Amino acid sequence: MGKRNRQKHAGFKKPKTPEIAEDGGILRKKNKVKEHTSQRISPDRAELSSVDDDDAAAYKEPTAYHNLLVTLGSGGKYFSDAYRRRQREEEGKSDSEENEYDDSDSLSESGQDDSERGSDDESPKVDAWESITEKFGVVGAGEDGEDAEMENDLDTSESEQEYESQVHFNAAVEASGCVSSYTVHLGHQISKGEVDELSKKRWKYKWEVSAAENCKWVGTGECFMKDDNLKPGYGLKPSLYRHRLNIYETSGGSDFHMSKERLFFSLCNSYRDILNCSKRPFYHKGHGEDSSTMDAYIMHSLNHIFRTRDLVTRNDTKMAKHQETAKNEILSGGEFLDHGFTRPKVLILLPLRNIAFRVVKRLIQLTPTNHKVNVESLGRFSDDFGAGEAHDNEDDEVFQDVRGSGQKSSKPTDFRALFDGNPDDHFMVGIKFTRKSIKLYSDFYTSDMIVASPLGLITKIGEAEREKEKDVDYLSSIEILIVDHADVIAMQNWSHVNTVVEKLNCLPSKQHGMDVMRMRQWYLDGYARFYRQSIVLGYFLNPDMNALFNHHCLNYEGKVKLVSVYKGILPKVLIQARQIYERFDADSIAEADDARLEHFTKKVFPKIKDSIQGGIMLFISSYFEFVRIRNFLKSQNASFCLLGEYTKQSDISRSRVWFFEGKKKIMLYTERAHFYHRYKIRGMQNLIIYSLPERKEFYPEIVNMLEGSHDLTCTVLFSRFDQIRLERIVGSTAAKRMITSEKSVFAFC
């Protein structure tokens with residue numbers, strides 16, 4: 001799984017034609033705002049923290065428009081014309097100014113260094129390019145699109161006038177009280193008392209709202225999930241909202257307001273930390289729910305990135321016009337404080353390349369058309385993430401039994417769906433948004449978003465610790481963290497996630513070219529982690545995810561999590577097997593592992609040792625427990641074989657044959673080995689589940705392997721600290737009874 005795709009691929013990006021000045025040099029574009037000093041109203045403080053330039057288009061309340069016309073229309077023909085232009089503007093045309101970060105883009109687009117671009121300059125075949133752009137939903141990403149971008153960049157006059165009108169319109173919107181949650185969240189000045197209280201990590205969930213069947217949202221603070229408080233456009237930039245609504249309606253949607261995506265986006269837009277570990281994933285036929293959740297957090301991420309860029313752009317323009325006033329505002333802690341330590345603001349952690357391909361593909365599709373006139377390195381990304389060798393287990397495809405006949409092994413549909421494509425778990429890619437383009441594989445320090453696997457980031461962190469010239473300061477200003485498919489990451493190595501989160505929002509080792517004078521005060525105070533929104537999404541919940549959410553997610557806005565009531569999956573056990581649950585006592589979670597081993601060695605193993613029957617399968621959830629049982633069996637000179645996640649393929653094949661033929665009495669089998677291979681073990685006569693699986697669907701799969709056994713008996717060990725796993729299997733009601741009952745043995749048939 002960890003093998004990296006080392007193939008080199010030719011890119012599909014077309015080189016951009018530079019603008020040539022009269023003297024033959026390359027002309028570097030700079031947006032200049034026309035001065036209308038005689039007509040311009042001096043910018044008010046409220047303007048600088050107001051909603052986005054595009055937001056004005058979304059708020060079509062008659063009173064706001066009427067007041068604006070009365071206020072500005074009477075000021076002269078200029079304001080009336082500017083207002084009419086705003087009504088005529090096409091989708092997303094309000095982003096009129098290129099921000100300070102994009103000055104470098106103009107230079108690189110017109111005269112980019114060949115060594116930096118690499119193989120991306122090679123011209124693609126026409127049919128290949130069309131196939132890729134169609135797959136990613138890119139409109140006008142070819143030659144015509146770039147020409148259109150150059151034309152739009154040259155036509156600065158209209159954009160500059162649009163900006164003037166938008167500034168005044170935003171003042172009217174601000175006065176009406178329509179302030180974005182982005183502005184409210186980042187504009188809050190956290191106090192020392194709040195920091196001390198948050199550092200105690202004491203969370204009280206005071207309210208609840210029913211969600212799907214057997215589920216409810218619970219949260220801290222005041223309940224905000226009320227429809228009557230929804231703002232026009234649901235808090236999205238109008239260009240984003242119009243584009244998303246168009247896609248939704250084109251795909252057959254009829255009521256966006258009541259859709260799961262809109263509901264989850266409202267949660268995201270509250271900027272609270274979110275824990276949803278009851279999401280049905282796409283590989284379990286949950287395409288609708290998984291896709292709506294993914295679309296919601298993608299739209300939230302785009303909204304945050306575009307609002308950040310527009311705020312910086314607006315302030316840059318105002319500072320250029322009113323330099324002396326701006327300097328005074330900065331020195332007095334005014335509204336021009338809009339920077340972090342570094343540019344990246346969104347980090348998305350994903351387990352596999354094929355899932356990252358799915359997310360980035362949708363990210364490009366949901367980006368408004370005028371923001372993706374050109375998508376750089378799209379072909380390279382498609383090759384690196386969309387292709388790859390199919391998941392294959394040669395020794396598992398054909399299992400040779402004692403008769404020498406071959407029998408094909410079929411994989412479950414969820415396994416094929418999850419590992420289809422490129423299942424590599426080592427990757428990291430930066431994504432940069434300019435006014436009209438998306439740049440994949442951008443340098444991390446110039447990226448707006450980073451999509452990575454925990455292993456990919458851990459590698460970078462390790463390099464920074466070993467080599468002084470390297471660092472991971474691009475993680476210092478992450479304002480939105482999204483961990484999607486946390487259940488799959490749990491099957492890899494969850495400690496990597498903890499390490500990555502601990503590295504977020506730390507003080508950087510270098511300045512990295514940022515303007516210290518414009519940094520937000522809470523960055524300089526070291527309080528950035530209290531502003532970071534963390535969204536953890538998965539198929540199931542485990543103690544590690546709970547610990548991350550409770551101890552490392554300290555957002556001052558509060559927390560929201562989904563609580564579920566489970567029915568259990570015992571009906572999916574298709575054979576008439578006796579399932580005996582034995583509870584052992586443990587005083588604390590720290591002592592649970594030792595208590596489990598003691599119960600096994602004193603109560604369970606003596607029965608195995610005295611029995612002459614073979615075919616005993618020991619199913620173990622974690623590798624740590626696997627090692628402890630292996631060492632114990634060695635000390636007892638027991639006859640056993642191993643099938644773990646780190647066992648060599650040749651040893652696995654040998655162990656399966658020995659177990660089937662009865663040459664080895666006991667087989668140790670781990671949950672991760674089953675997750676990555678989904679073996680069907682033959683020769684099982686007795687099953688002992690040393691620790692319950694995290695993934696509930698594994699329980700009936702393993703128990704059903706007893707088919708053909710003479711005894712059809714399954715023994716399960718559990719303690720009160722296994723309640724989260726237990727309730728997913730036997731149901732929430734039964735689990736509570738088994739945990740609190742005076743009896744310690746329970747039977748299901």
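## The chain at a glance

Of the 749 residues in the protein chain, 56% are buried (under 20% relative accessible area with a 1.4 Å probe, protein chains only). This is a predicted model, in which local features need pLDDT of at least 70, side-chain atom pairs count only at pLDDT 80 or more, and totals for chains, interfaces and linings use all residues. Numbering starts from 1 along each chain as its sequence is written, and side-chain values use heavy atoms, with hydrogens and water left out.

The chain has 30 helices and 20 strands, taken as DSSP runs (H or I, at least four residues, for helices; E, at least two, for strands) and numbered from the N terminus.

## Inside the cores

Let's look inside. The largest nonpolar core has 116 residues, and Leu-347 and Val-451 touch the most other members. Such a core is a set of buried Ala, Val, Leu, Ile, Met, Phe, Trp, Tyr and Cys residues joined through side-chain atoms within 4.5 Å. Helix H13 (residues 287-321) gives the most to this core, with 9 residues. Another core lies apart from it, with 38 residues, including Cys-714 and Phe-718.

## Two crossing helices

Now for a pair of helices. The axes of H11 (residues 238-250) and H15 (residues 353-366) come within 10 Å and cross at roughly 110°; the axes are lines fitted to C-alpha atoms over the stretch in contact, with angles running from 0 to 180 degrees between N-to-C directions. That makes H11 roughly perpendicular to H15 (65 to 115 degrees).

On the H11 side, Leu-240, His-243, Arg-244 and Ile-247 make the contact, with Arg-362, Gln-365 and Leu-366 on H15 (heavy atoms within 4.5 Å).

How values were computed
Buried < 20%, exposed > 50% of the residue type's maximum accessible area, 1.4 Å probe, protein only. Parallel < 35°, antiparallel > 145°, perpendicular 65-115°, else oblique.
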